[in-house]
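User: Could you take me through one part of this protein up close? I am new to reading structures, so please go step by step.

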Amino acid sequence: MRLCPSPSSTPHLDRVRQRPSTMKPHKSSPFSRKVSVAVATPILLLLALAVVSLYDFNLAETYHNIRRASSSSSASPGPATTSSSPTAPATVSSSTSPANSSSSSSSTSAASPATAVEACDLTRGQWVPDDEPPYYTNLTCPFIDDLQNCMKFGKPGGLDLMRWRWKPDGCDLPRFDAGRFLEAMRGKSMAFVGDSLARNHVKSLLCILSQVAEPVELVTTTETDVTGRAVRRDFHYGSHGFNVSLFWSPFLVKANLSSAALGLGLWDVHLDTADARWAAHIADFDHIVLSGTNWFFRPSVYYEGGRAVGRNDGASGAHNATEAPVSGAVRAAFRTALGAIAAREGFRGKAVVRTVTPAHFENGEWNTGGDCVRTRPLRRGERARDAVVAEFRAAQVDALRETEAARRRNRSGAELRLLDITEAMELRPDGHPSRYGHPPGGSVEGSFVVDCLHWCLPGPIDLWSELLFHMLAAHPPQRAD
């Protein structure tokens, strides 16, 4: 910022500068030299005071701008140090500490931007209007599946989906920097493990990254599961040596379809055995994102040690095992999956649990005429949290806490993190495809016509990648000078 002397002082200084050019030449004498010194001394003092005042003003203004920038979404966050304990898993609401510097001035400039999200819980906030353009559209990203291509099929008010951003309480969440993310992931690999919402998340990430680079899909296996879905898909960014892999494993643990007679099938779910289709490859990855709760509603019998230990309500007529809470099965499955990662020799990366997201069917369920027709986000507190969503999220958090405690006892090198997006997504009933993930007369799957579970692309699901960016890439280690 350019600073000038105050208007009141400027004319005087101009007159002082002009005076020598208007005076007639005369001979120098001791008396005149004394007069010159007497005149010059107060002028020099005034100039010195003016310089000091301008310096103080400039410093104050700079400090004001630093504080203002700390709450700006354009601020560059500093290195994050997440504190974890056996009773509190690390989350995206981590606090940051500025790196040490060799001088006080460089310390100020390096530390101030880090305050952008320090000590800020990124999971608590509101959706606020946003005029920034979206990271991508359905015309610029080639990875959007038709089932989430709400713009293509004319979702009413679809453009409004992109006119909101997540505003955490007390700070701004920096926008996703695709170039910075790819640099942070250079030479690394990341796996997403879960159900179709994991695929939804991967496609969001690929679309955001398409601003900088597009991957090539590698065909490493042609294996499909009993539902006809590919067990594994791999996307390779050759320019950065970065790989993204997607594993279809809706229970995270070993599960077999024992009968197809119940419509959604009857599943034998082995809660103490991680699904080998992804677990066999843990050591190949630097980061693994786990999710998946929706398939636990399907009729299931739960096994541990090869013995049936319970079932859910959907399997009541198919097995005589005692009914058990579905949330208990979710907790056990996530504990098993996290335990498999933490116990894997050589894994030194991050295992991230992405929390449950709600479906927003209203005036009925998915199979009884329910729909999601809202066109604006909810305000916090406008609607109470669904009891099942609360139970599932608590089960995920408990599983992470328990595994973290075991990891510390065993001194495992894995880092466990919680990507908590439940509250933010509860407020976005407008973000689902509804009837606009397929042409008129089509369906999502079978007779499943209305989709209030998955998320439009682009849409509020892009927040998941923003939070993932903050967790994995926004705080790279700083070199100590």
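Analyst: Happy to! Let's begin in a loop: Asp371 sits between S13 and H8. Keep in mind that this is a predicted model. Is Asp371 buried or exposed? Its relative accessibility is 16%, and buried means under 20%, so Asp371 counts as buried. Its side chain has a polar partner, the side chain of Ser434, at 2.6 Å. If we set aside neighbours within four places in sequence, the residues touching Asp371 are His360, Phe361, Glu362, Ser434, Arg435, Val450 and Cys452.

Now follow the chain into helix H8, which covers residues 387-410. At its start, a side-chain oxygen of Asp386 comes to within 3.0 Å of the backbone nitrogen of Val388. How far apart are the end C-alpha atoms of H8? They are 35 Å apart, and this agrees with the 34 Å that 24 residues should span at 1.5 Å a residue. Just after the helix, Arg411 has a positive phi of about 55 degrees.

Which residues of H8 are buried? They are Val389, Phe392, Ala395, Gln396, Val397, Ala399, Leu400, Thr403, Glu404, Ala405 and Arg407.

Because its relative accessibility is 0%, Gln396 counts as buried. Beyond its neighbours within four places in sequence, Gln396 is in contact with Thr293, Val330, Phe334, Val353, Arg354, Thr355 and Val356.

To finish, here is another pair of helices to look at. The axes of H5 (residues 196-209) and H10 (residues 462-472) come within 8 Å and cross at roughly 70 degrees. That angle makes H5 roughly perpendicular to H10. On the H5 side, the residues that meet H10 are Leu197, His201, Ser204, Leu205 and Ile208, while H10 brings Asp462, Trp464, Ser465 and Leu468. Sorted by class, this contact of H5 with H10 has five nonpolar, three polar and one charged residues.

Technical notes:
Residues are numbered from 1 along each chain as its sequence is written. This is a predicted model: local features need pLDDT of at least 70, side-chain atom pairs count only at pLDDT 80 or more; totals for chains, interfaces and linings use all residues. Side-chain values use heavy atoms; hydrogens and water are left out. Axes are lines fitted to C-alpha atoms, for helices over the stretch in contact, and angles run from 0 to 180 degrees between N-to-C directions. Helices (H or I, at least four residues) and strands (E, at least two) are DSSP runs, numbered from the N terminus. Angles under 35 degrees count as roughly parallel, over 145 as roughly antiparallel, 65 to 115 as roughly perpendicular and the rest as oblique. Contact means heavy atoms within 4.5 Å. Ala, Val, Leu, Ile, Met, Phe, Trp, Tyr, Cys and Pro count as nonpolar, Asp, Glu, Lys and Arg as charged, and the others, Gly among them, as polar. The expected span of a helix is 1.5 Å times one less than its number of residues. Buried means under 20% relative accessible area, exposed over 50%, partly exposed in between (1.4 Å probe, protein chains only). A polar contact is a pair of N or O atoms within 3.5 Å; within protein, one must be able to donate a hydrogen and the other to accept it, and residues adjacent in sequence count only if both atoms are side-chain atoms.
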